[in-house]
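Hi everyone, thanks for making time.

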Amino acid sequence: MMSKYSINIFKYIFFIAALTSITLPAYSELSVEEIIKGRKALFSKNYSTAKKVQTFASKGDFVKASSLMKEMSENYLTLLEYFPDNTKEGFKTEALPSIWENKDEFNSLMKKSSTDMIELAKVIDTSDDVGASLQKFMWSNCKACHSKFRASH
Ligand code: HEC
């Protein structure tokens, strides 16, 4: 039979386990390496998605193109969280210090890039110049941001 003492031990273990599971998210926050590599991966993904958007829209497949545009729009919003103060250097980042010196401007460009993709999805099927619309609402934002906030190669 279990002694009163061992029942208390079980209660104690249960209590610690409950505490640990509550505090776990704080310890599992992304490391600097995961953040920098994570944002690079997201930008690369957006680049390959942008090329697919270009292909589908040029073929007149606006349904597929629009769903990818919405995906890109969401990725831009996710990226807003990927530039905390402790990720200015390391892991071959090409992010320039100007990002943190002009955080509001950088964030507005990111948000504009996101809303422009939604706008693009709205206008693309009635656009009389698909290429010009893609340029205006998608590609121009890449360049606007890179020229100021990303190291040139
Ligand atoms: C609001 C700013 C912003 C916008 C908009 C933006 N980028 Fe970038 N991009 C960056 C920054 C900053 C980096 C550098 C990230 C790093 O190295 O930490 C980057 C990096 C990249 C990379 C390199 C990823 C790697 O593996 O190192 C590619 C590719 C890229 N962007 C493509 C694009 C394309 C294509 C678009 C438009 C469809 C775009 N970006 C829009 C800011 C932006």
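Let's start with the outward side of helix H5: Asp104, Ser108, Lys122 and Val123 are exposed there. Helices here are DSSP runs of H or I with at least four residues, strands are E runs of at least two, and both are numbered from the N terminus.

Before I go on, a word on provenance: this is a predicted model, where local features need pLDDT of at least 70, side-chain atom pairs count only at pLDDT 80 or more, and totals for chains, interfaces and linings use all residues. Residue numbers start from 1 along each chain as its sequence is written.

Back to H5. Its buried residues are Phe106, Ser113, Ser114, Met117, Leu120 and Ala121. They sit on the same side of H5, because they cover an arc of only 120° around the axis; the arc is taken over the directions from the helix axis to the C-beta atoms. They pack against helix H3 (62-79), helix H4 (98-101) and H6, where a contact means C-beta atoms, placed from the backbone, within 7 Å. As for length, H5 has 21 residues and reaches 30 Å from first to last C-alpha, close to the 30 Å expected at 1.5 Å a residue. That expected span is 1.5 Å times one less than the number of residues.

How does H3 look by comparison? Its buried residues are Ala65, Ser66, Leu68, Met69, Met72 and Tyr76. These fall within an arc of 165° seen down the axis, so they line one face of H3. Turned away from that buried side are the exposed residues Val63, Ser67 and Glu74. H2 and H5 are among the elements that cover the buried residues of H3.

What do these helices build together? The largest nonpolar core has 14 residues, and Val53, Ala65, Met69, Met117, Leu120 and Met138 touch the most other members. By nonpolar core I mean a set of buried Ala, Val, Leu, Ile, Met, Phe, Trp, Tyr and Cys residues joined through C-beta atoms within 7 Å. H2, H3, H5 and H6 each give two or more residues to this core, with the largest share, 5 residues, coming from H3.

Asn46 lies in helix H2 (residues 32-59), and Asn46 counts as buried because it has 22 C-beta neighbours inside 10 Å. Leaving out residues up to four places away in sequence, Asn46 touches Met72 and Asn75. Asn46 and Asn75 are 29 residues apart in sequence, yet 7.4 Å apart in space, C-alpha to C-alpha.

Zooming out, the protein chain has 6 helices and 0 strands, and 16% of its 153 residues count as buried.

Methods
A residue is buried if 20 or more other C-beta atoms lie within 10 Å of its own, exposed if 12 or fewer, and partly exposed in between; C-beta atoms are placed from the backbone. Two residues are in contact if their C-beta atoms, placed from the backbone, lie within 7 Å.
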